[in-house]
Amino acid sequence: MSIKKIVSGVVVSGILVASLFGGNVVLPIGDWQVQDVYANEGENGGNTRGIELSPASLKLNLDPGEVYRGRFTITNRGANEHTFNVYASPYQVSGENYTPTFEGAESAPRAQIARWISFERESYTLAVNEAVEVNFTISVPRDAPGGGQYAAIFAAADVQAGTSSTVQSIGRVGMLLYATINGDINEQGEVVTHTISPLIFDRNLSASATVKNLGNTDFAARQTLVVRSVFGGRQVFSQTRAFEILPDTTRLINMEWDGTPALGLFNVTQVIDASYNSRADENLGNWTRMVLVIPLFLFIIIMIILVILVMMIVLKIMQAISRRRAAK
């Protein structure tokens with residue numbers, strides 16, 4: 001078999017693969033619509049089934065000895081009148097995936113603020129679609145150490161308000177509270193690992209990183225993913241998300257291009273920035289690499305063809321050497 005026949009076979013295989021995708025599989029050359037998205041991280045709260053609570057999170061800077069008065073809104077979106085109880089719980093996380101912990105963290109040094117919160121009232125009865133403003137107070141001890149303090153304020157359906165099935169359908173929602181107690185503050189973060197896979201089979205293109213908080217209060221880590229076509233260099237995708245990083249933790253953050261084409265060659269850039277309370281944004285790193293997105297079966301076909309091609313070239317070289325030796 002000649003090299004010309006092998007090349008023709010590759011072309012035919014490419015046509016067959018394209019036909020499987022309706023003839024729409026092409027290497028992007030810069031004609032994709034640009035997608036720009038900025039989305040803050042969703043918090044553990046907001047709207048869960050029959051309850052709405054707003055805001056979903058609150059960030060505060062407090063002084064030792066300060067008394068802070070705040071409020072949030074609860075709305076009954078259920079089908080019946082319900083009684084809701086409000087209370088505060090410590091908020092901590094575990095693991096790089098940030099599994100939240102609201103019970104059993106009462107002694108955690110960064111969750112003591114849950115003890116400092118009190119409510120004007122702890123129970124409210126709301127008619128359907130009725131809303132109420134809940135007033136609360138944070139009394140910071142005068143000897144409170146500087147650094148981050150974290151809690152969750154919950155609104156939960158009272159078990160006595162109806163049948164168990166009704167209570168389960170209503171559930172509870174929470175507002176996450178991120179507080180920094182002024183004093184000896186250290187804000188510092190670093191990227192421990194970062195990943196952009198150079199070869200993507202049958203899934204979305206993505207980038208990930210683990211960010212470690214070396215300080216004593218939280219900061220926002222902003223992850224930006226930018227994808228450009230290798231052919232033409234045009235930006236085809238851009239997205240930024242913000243993730244809260246608590247002190248003494250390492251968090252895995254990930255972003256993917258939803259709607260990645262089945263076949264393409266791209267230059268992918270991942271940028272991680274830290275947004276601190278006390279100073280301007282700080283770049284923690286940026287990385288770029290070329291990424292091939294390809295169906296697995298097509299990759300296997302190409303590898304088989306390449307192996308055959310290499311073997312034929314080696315065979316031709318060996319035959320030429322044998323002929324020269326025979327001529328001598």
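Tyr150 and Tyr178 are both buried, where buried means under 20% relative accessible area with a 1.4 Å probe and protein chains only. The model is predicted, so local features need pLDDT of at least 70 and side-chain atom pairs count only at pLDDT 80 or more, while totals for chains, interfaces and linings use all residues. Residues are numbered from 1 along each chain as its sequence is written, and side-chain values use heavy atoms, without hydrogens and water.

A pair of aromatic rings is described by the distance of the centres and the angle of the planes. Rings of Phe, Tyr and Trp (its six-membered ring) pair if their centres lie within 6.5 Å; planes under 30 degrees apart count as stacked, over 60 as edge-to-face and the rest as tilted. The count by this rule is eleven aromatic pairs. Phe102 lies in the loop between strand 8 (99–101) and strand 9 (117–119) and Phe154 in strand 12 (residues 147–157), so the pair ties together parts that are 52 residues apart in sequence; strands are DSSP runs (E, at least two residues), numbered from the N terminus. Phe102 and Phe154 are each buried.

Tyr150 and Tyr178 also form an edge-to-face aromatic pair, at 6.0 Å centre to centre and 75° between the planes. Because Tyr150 lies in strand 12 and Tyr178 in strand 13 (residues 172–181), this pair ties together parts that are 28 residues apart in sequence. One aromatic cluster is formed by Tyr87, Tyr91, Phe102, Tyr150, Phe154 and Tyr178.

Key
Helix = DSSP H or I, 4+ residues; strand = E, 2+ residues; numbered from the N terminus. Buried < 20%, exposed > 50% of the residue type's maximum accessible area, 1.4 Å probe, protein only.
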